[in-house]
Amino acid sequence: MTIRFDGQVAIVTGAGHGLGRSYALALGARGAKVVVNDLGGAIDGSGGSKTPADEVVDEIRAAGGEAVANYDSVAERDSAANIVQSAVDAFGGVDIVINNAGIVRDKTFHKMSLDDYEFVVKVHFLGSIYVTHAAYPIMRDANYGRILMVSSNSGLYGNFGQTNYSAAKMAVVGFVNTLKLEGARNNITANALAPLAATRIAEPSGIFETYDRELVTTDAVAAMVTYLVSEDCTDSGNVIAATAGYYSKIQVMEGQGVQVDPREEMTPERIAELWPRIVSMDEPRAFNDAVENLTTVMAKE
Ligand code: NAD
C-alpha cells in the first residue's frame, strides 16, 4: 500500500518551521497540493516574516510538488478564513486541514497576564476552530474531509507553567470528541495529535536534556500525521501520541465507580467512606459519546 494525495488539497497552518514544515513537505512529496500557512513570528507569536512559508513552498516545488504560501494569522476570524480562501483560489477546494500553528507564553498562573492567557488560547484553540469552520462547508459539500487538531501532553496531563497552553490543547480534544460524531455522515474525520519533536517551541521545556534531539525528529511525527489525514485512515475521534520510536492512542477513561441506592441519603461522611472505591481506576471504561456514557452508568443497579 502506498499512501498518496494526488488531486487532494491540504492546508497546514504554522508550516514555516518545525513540525508543520515536515507535514507540508511530506504531503507535497506524496502528491498533495499544499497551502503552506505561516505568519513567520517568534515562538511567543510576536513579529512576522514571509520567509519561512516561502522557503517551504520553494522546497516542495523543488521536489516536484505543488504549493502556495499564505501568511495570515490563524488567530483572527477573517485572516483564518483567508487561509481557506487561498486554498480555494489556488487549488479549487480543501480536503485536509492540519491545525498546527502554535506559540508559547509560559509563566506560572499567578504571574500570567490575561493577555498572555487569551492570546495562547486564540492561536491554539480558536485559531484551529476559525480555520476549520471556514473549511468545513467545503468538506461537507465534497462529502470528504480530514481534520487534524494538534493537542499536547501538556494539556492531556498538565505541565508546570503552561496553564494557558494546557487548557487550549485540551480544548481541541473536546472539539474532536464531538466533531467525530457530526462529521461521520459526510466522511469527515477529526483526530487529535500529541506530538513530541525537537523544535524551537519544545526547546524551553528542557526535555532534550533527557532525550537526544537528533533522534526526536519531526519526520517521525510527520509519518503519523500523513497516515492520519489520508483516505486510508477512516478512524475518527482519536487522540494519538507520536514521537520518534513511540506511537499510541490516548483516551479518557472512567472508573467503575460506586453505585448505591439513589434513595439512600448521601452525606459527606458516606462519600469519605466510599472515596477509595470512587477513585479506583481498576477496570476502567471508555465511551464513544456522552449518551453511551450516561446510559451505561445510570443503568447500573
Ligand atoms: P514551531 O515554533 O517550530 O512552529 C510553529 C509555527 O507556527 C511557527 O512557524 C510559527 O510562525 C507558526 N505560527 C505561530 N502563530 C501563528 C499564527 N497565529 N498563524 C499562523 N502561524 C503561526 O513549533 P512546533 O514545535 O513545530 O509546533 C507545532 C505544533 O505542535 C504547535 O501547535 C505546538 O504547540 C505543537 N506541539 C509541539 C510539540 C513539540 O514537541 N515540538 C509538542 C506538543 C505539541
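What follows is a friendly chat about the packing, side-chain pairs and surface of a predicted model.

Reader: Let's start inside. Which residues touch the most other members of the largest nonpolar core?
Author: This is a predicted model, and its largest nonpolar core has 39 residues. I11, V35, V94, V97, V131, I147 and M149 touch the most other members.

Reader: And which elements give two or more residues to this core?
Author: Those are β1 (9-12), α3 (77-91), α4 (114-142), β5 (145-150), α6 (163-183), β6 (188-196) and β7 (239-243). The most comes from α4, which gives eight residues.

Reader: Let me zoom in on M149. What does it touch, leaving out residues up to four places away in sequence?
Author: M149 touches N99, S128, I129, T132, V172, F175, V176, N191, A192 and L193.

Reader: Nice. How many residues of helix α7 are buried?
Author: Eight of the eleven residues in α7 (218-228) are buried, so the helix is mostly covered. They are T218, A220, V221, A222, M224, V225, T226 and L228.

Reader: What do those buried residues pack against?
Author: They pack against α1 (18-29), β4 (96-99), β5, β6, β7 and β8 (246-250).

Reader: Now Q8, in the segment before β1. Is Q8 buried or exposed?
Author: Q8 is buried, because its relative accessible area is 8%, and buried means under 20%.

Reader: What is Q8 in contact with, leaving aside its neighbours within four places in sequence?
Author: Q8 is in contact with A32, K33, D95, I96, Y144 and E231.

Reader: Switching to charges. How many salt bridges does the structure hold?
Author: There are nine salt bridges. One of them joins the side chains of R4 and D6, at 2.8 Å from N to O. R4 is partly exposed, with a relative accessible area of 40%.

Reader: Which residue forms a salt bridge with E76?
Author: K122 does, with the closest N and O atoms 3.3 Å apart. This pair links distant parts of the chain: E76 is in the loop between β3 (66-70) and α3, K122 is in helix α4, and they are 46 residues apart.

Reader: How exposed are those two partners, E76 and K122?
Author: E76 counts as partly exposed at 41% relative accessibility. K122 also counts as partly exposed, at 26%.

Reader: What about R270 and E273, where do they lie?
Author: Both lie in helix α8, three residues apart, about one turn of the helix. An α-helix has 3.6 residues a turn, so residues three or four places apart point the same way. R270 and E273 form a salt bridge whose closest N and O atoms are 3.0 Å apart.

Reader: On to rings. How many aromatic pairs does the count come to?
Author: It comes to one aromatic pair. F109 and Y117 form it, edge-to-face, at 6.2 Å centre to centre with 80° between the planes. F109 counts as exposed, at 56% relative accessibility.

Reader: Which residues make the nonpolar surface patch of about 420 Å²?
Author: M266, I271, W275, I278 and V279 make that patch. W275 has its place in helix α8 (residues 268-278), and α8 also holds R270 and E273.

Reader: Last topic, backbone. What is phi of N187?
Author: Phi of N187 is near 60°, a positive value in a residue other than glycine. Most residues other than glycine have a negative phi. N187 lies in the loop between α6 and β6, and it is partly exposed, with a relative accessible area of 35%.

Reader: And where is E283 found?
Author: E283 is in the loop between α8 and α9 (290-299). E283 has a positive phi of about 50° although it is not a glycine. E283 is exposed, with a relative accessible area of 63%.

Definitions and conventions. Residues are numbered from 1 along each chain as its sequence is written. This is a predicted model: local features need pLDDT of at least 70, side-chain atom pairs count only at pLDDT 80 or more; totals for chains, interfaces and linings use all residues. Side-chain values use heavy atoms; hydrogens and water are left out. A nonpolar core is a set of buried Ala, Val, Leu, Ile, Met, Phe, Trp, Tyr and Cys residues joined through side-chain atoms within 4.5 Å. Buried means under 20% relative accessible area, exposed over 50%, partly exposed in between (1.4 Å probe, protein chains only). Helices (H or I, at least four residues) and strands (E, at least two) are DSSP runs, numbered from the N terminus. Contact means heavy atoms within 4.5 Å. Patches are made of residues with over 30% relative accessible area and no salt bridge: like charges are joined within 9 Å, nonpolar side chains (Val, Leu, Ile, Met, Phe, Trp, Tyr) within 5 Å. Accessible areas come from the Shrake-Rupley method with a 1.4 Å probe; for residues, only the protein chains shown count as cover. A salt bridge is a side-chain nitrogen of Lys or Arg within 4 Å of a carboxyl oxygen of Asp or Glu. Rings of Phe, Tyr and Trp (its six-membered ring) pair if their centres lie within 6.5 Å; planes under 30 degrees apart count as stacked, over 60 as edge-to-face and the rest as tilted.
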